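Subject: The structure we spoke about

Dear colleague,

I am handing over the structure below, and after it you will find an account of what turned up when I went through it. Please keep the viewer open while you read, so that you can find each residue as it is named.

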Amino acid sequence: MANISVADGTIELSRKFYDENKALINNWVNDDYRNWKDGNFGFDYLEIKEKTEEKVVIDFSGEGAWCWEYTLKDIFKCEQATTYQEKLVQKLYEERESLYLKYTDIEDMEGMFVEEETEVKINKVNDRYEPVVTVVKQNQIEFTDYNRIKAGVEDGYRLDVEEDVKYLKQDLQELYQENKDDIEEKDYESFEKNALKYIKEDYDLHGGICIYKLEDPYMFLEQLEY
């Protein structure tokens with residue numbers, strides 16, 4: 001089974017192309033059965049967010065296999081234009097139109113976190129539509145709790161956000177009271193100081209911590225005391 005990557009971002013297309021294919025694009029955006037293969041990968045969410053004289057912007061999120069760049073190649077493959085997504089591919093090919101995507105893509109198992117901008121064009125080979133996905137811009141991001149929280153792909157606390165620190169200290173105090181028999185520090189103040197120092201300096205956290213790590217006190221305490 002492929003590792004699952006999660007992408008969030010936008011799709012841009014020309015306003016002229018949208019106006020000429022408005023019904024098709026609206027149906028595609030609202031279609032709950034657009035995914036490829038067994039339905040596990042593809043766009044989970046699409047919504048038109050902005051229309052200008054030059055372009056239409058669609059918000060999206062989705063899950064892919066390994067990375068979104070490869071997933072896009074599978075999403076826009078088709079042999080027969082029988083679904084809204086396949087009909088959109090056909091129109092993109094016929095009108096020599098491109099889609100432009102900007103997104104963050106994260107895959108936990110490999111620690112991959114990137115910001116990408118890609119262009120999707122459609123070619124045709126032996127009666128089959130073949131997408132060409134070109135990465136226009138890529139920015140590798142360190143796979144830290146801080147960066148994942150800042151990007152909105154994980155819930156958590158950042159030490160540079162005052163309100164986050166307030167709620168983090170509340171969680172730390174609750175964790176301490178419920179597990180103080182297993183904690184080396186025998187007063188909460190020392191424990192809090194050590195915990196905040198760990199969250200600030202640990203390479204994988206780098207000034208932030210995902211909430212799910214605090215929900216497993218044994219994992220958190222083991223890392224803290226390591």
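In helix α3, the residues Trp68, Glu69, Thr71, Leu72 and Ile75 are buried. When you look down the axis of α3, these buried residues fall within an arc of 160 degrees, so they line one face of the helix. Please bear in mind, here and in everything that follows, that this is a predicted model.

The aromatic residues come next. A search of the whole structure finds 11 aromatic pairs. One of them is formed by phenylalanine 43 and phenylalanine 60, whose rings are edge-to-face, at 5.5 Å centre to centre and with 85 degrees between the planes. This pair links distant parts of the chain, because phenylalanine 43 belongs to strand β2 and phenylalanine 60 to strand β3, 17 residues apart. Both phenylalanine 43 and phenylalanine 60 are buried, and both are found in one aromatic cluster, which is formed by Trp28, Phe43, Phe60, Trp68, Phe76 and Tyr103. Elsewhere, arginine 96 lies over the face of tyrosine 93, at 4.7 Å from the ring centre.

Phi of tryptophan 66 is near 75 degrees, which is a positive value in a residue other than glycine. Tryptophan 66 is found in the loop between β3 and α3, and with a relative accessible area of 43% it is partly exposed. Phi of aspartate 127 is also positive, near 65 degrees, and again the residue is not a glycine. Aspartate 127 has its place in the loop between β5 (112-125) and β6 (128-140). Is aspartate 127 buried or exposed? Its relative accessible area is 62%, and a residue counts as exposed over 50%, so aspartate 127 is exposed.

Helix α6 (residues 162-179) and helix α9 (residues 217-225) meet at an angle of about 95 degrees, with their axes 11 Å apart. Angles of 65 to 115 degrees count as roughly perpendicular, and α6 and α9 are therefore roughly perpendicular to each other. On the side of α6 the contact is made by Leu172, Leu175 and Asn179, and on the side of α9 by Pro217, Tyr218, Phe220 and Leu221.

Finally, leucine 46 has its place in strand β2, and it is buried, with a relative accessible area of 8%. The C-alpha atoms of leucine 46 and aspartate 171 are separated by 35 Å, and the two residues are 125 residues apart along the chain.

Notes
Residues are numbered from 1 along each chain as its sequence is written. This is a predicted model: local features need pLDDT of at least 70, side-chain atom pairs count only at pLDDT 80 or more; totals for chains, interfaces and linings use all residues. Side-chain values use heavy atoms; hydrogens and water are left out. Rings of Phe, Tyr and Trp (its six-membered ring) pair if their centres lie within 6.5 Å; planes under 30 degrees apart count as stacked, over 60 as edge-to-face and the rest as tilted. Helices (H or I, at least four residues) and strands (E, at least two) are DSSP runs, numbered from the N terminus. Buried means under 20% relative accessible area, exposed over 50%, partly exposed in between (1.4 Å probe, protein chains only). A charge sits over a ring if NZ of Lys or CZ of Arg is within 6 Å of the ring centre and within 35 degrees of the ring normal. Axes are lines fitted to C-alpha atoms, for helices over the stretch in contact, and angles run from 0 to 180 degrees between N-to-C directions. Angles under 35 degrees count as roughly parallel, over 145 as roughly antiparallel, 65 to 115 as roughly perpendicular and the rest as oblique. Contact means heavy atoms within 4.5 Å. The arc is that of the directions from the helix axis to the C-beta atoms.
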